[in-house]
Amino acid sequence: MRVHVADHPLIAHKLTYLRDQRTDTPTFRRLTDELVMLLAYEATREVRTASFDIETPVTATTGVRLATPKPMVVPILRAGLGMLDGMMRMVPTAEVGFLGMVRNEETLEAHTYANRLPEDLDQRQCYLLDPMLATGGTLAAAIHYLVERGADDITAVTLLSAPEGIETLRERVAGIEPPVRLVTGAIDERLNEQGYIVPGLGDAGDRLYGVV
Ligand code: URA
């Protein structure tokens, strides 16, 4: 698994405001949106393109457009939904699938409670969206889910990642064939006993959508 930390002052600035507990929900959502647009730039660096001919007002030339099948963007419910708009603004022709996963707060293992994805993801480049890579269990399960359906290239996009989660993810995807990439805004210090990222930003789903 390749890991890319999007080391950029604008990203660090926006992440700092996102972490701040005084940041209210509307601002948190807007910052998430902006961060995802910046991360999407790195995440799609290897998106497949096909050449096609156009005519400018001056001459004929050859350009590129996104290849088919179109990229598949998969937010992991609930918190990943907060990343969808930013990603779709950058890749508006992508298709969207949904994966509902929740972690058991005692075992910290991920469990799938909903999915809306094509059965066949053959030749699809998939972009998994989840703000927090904490234990790595949810993303590992989601990646295996996509691989079982034939995805042949997977990029996970997270705002923050814990070193422990990255290691777990690395181990759990080590044997699989399609390339797996992680693009993240920052790697934080550690996980605490409750499975929260430290310093982190708290519960991303709650901060995006309120406590339920
Ligand atoms: N999920 C969150 O929302 N926050 C964390 O810190 C870890 C997992």
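This dialogue walks through how to read a few features of the structure shown above.

Trainee: What kind of model is this, and how are its residues numbered?

Mentor: This is a predicted model, in which local features need pLDDT of at least 70 and side-chain atom pairs count only at pLDDT 80 or more, while totals for chains, interfaces and linings use all residues. Residues are numbered from 1 along each chain as its sequence is written, and side-chain values use heavy atoms, with hydrogens and water left out.

Trainee: How many helices and strands does the protein chain have?

Mentor: Helices (H or I, at least four residues) and strands (E, at least two) are DSSP runs, numbered from the N terminus; on that basis the protein chain has six helices and 13 strands.

Trainee: What radius of gyration does the protein chain have, and what would a compact globule have?

Mentor: The radius of gyration is taken over C-alpha atoms, and the globule rule is 2.2 Å times the number of residues to the power 0.38. For 212 residues a compact globule would come near 17 Å, and the protein chain has 17 Å, which agrees. Along the principal axes, its C-alpha atoms fill a box of roughly 60 × 35 × 30 Å.

Trainee: Which residues of H2 are buried, and what covers them?

Mentor: Buried means under 20% relative accessible area, exposed over 50%, and partly exposed in between (1.4 Å probe, protein chains only). An α-helix has 3.6 residues a turn, so residues three or four places apart point the same way. In H2 the buried residues are Phe 28, Leu 31, Thr 32, Asp 33, Leu 35, Val 36, Leu 39, Ala 40 and Ala 43. Among the elements that cover them are helix H1 (9-19), strand S10 (153-161) and helix H6 (204-209).

Trainee: How far apart are the end C-alpha atoms of helix H2?

Mentor: The expected span of a helix is 1.5 Å times one less than its number of residues. Helix H2 (residues 25-43) has 19 residues and should span 27 Å; its end C-alpha atoms are 25 Å apart, which agrees.

Trainee: Is Asp 188 buried or exposed, and what does its side chain make a polar contact with?

Mentor: A polar contact is a pair of N or O atoms within 3.5 Å; within protein, one must be able to donate a hydrogen and the other to accept it, and residues adjacent in sequence count only if both atoms are side-chain atoms. Asp 188, in the loop between S11 and strand S12 (190-191), is buried, with a relative accessible area of 8%. Its side chain makes a polar contact with the side chain of Arg 19 (2.7 Å).

Trainee: Where is Arg 124 found, and what does its side chain reach?

Mentor: Arg 124 is found in the loop between strand S7 (110-116) and S8, and it counts as buried at 9% relative accessibility. Its side chain reaches the backbone oxygen of Lys 70 at 2.9 Å.

Trainee: Which residues are around the ligand?

Mentor: A residue is near a molecule or strand if one of its heavy atoms lies within 4 Å of it. Around the ligand are Arg 103, Met 132, Ala 134, Gly 195, Tyr 196, Ile 197, Gly 202, Asp 203 and Ala 204. A backbone N or O atom of Ile 197 lies 2.8 Å from an oxygen atom of the ligand, whereas for Gly 202 a backbone N or O atom lies 2.7 Å from a nitrogen atom of the ligand.

Terms used:
Contact = heavy atoms within 4.5 Å.
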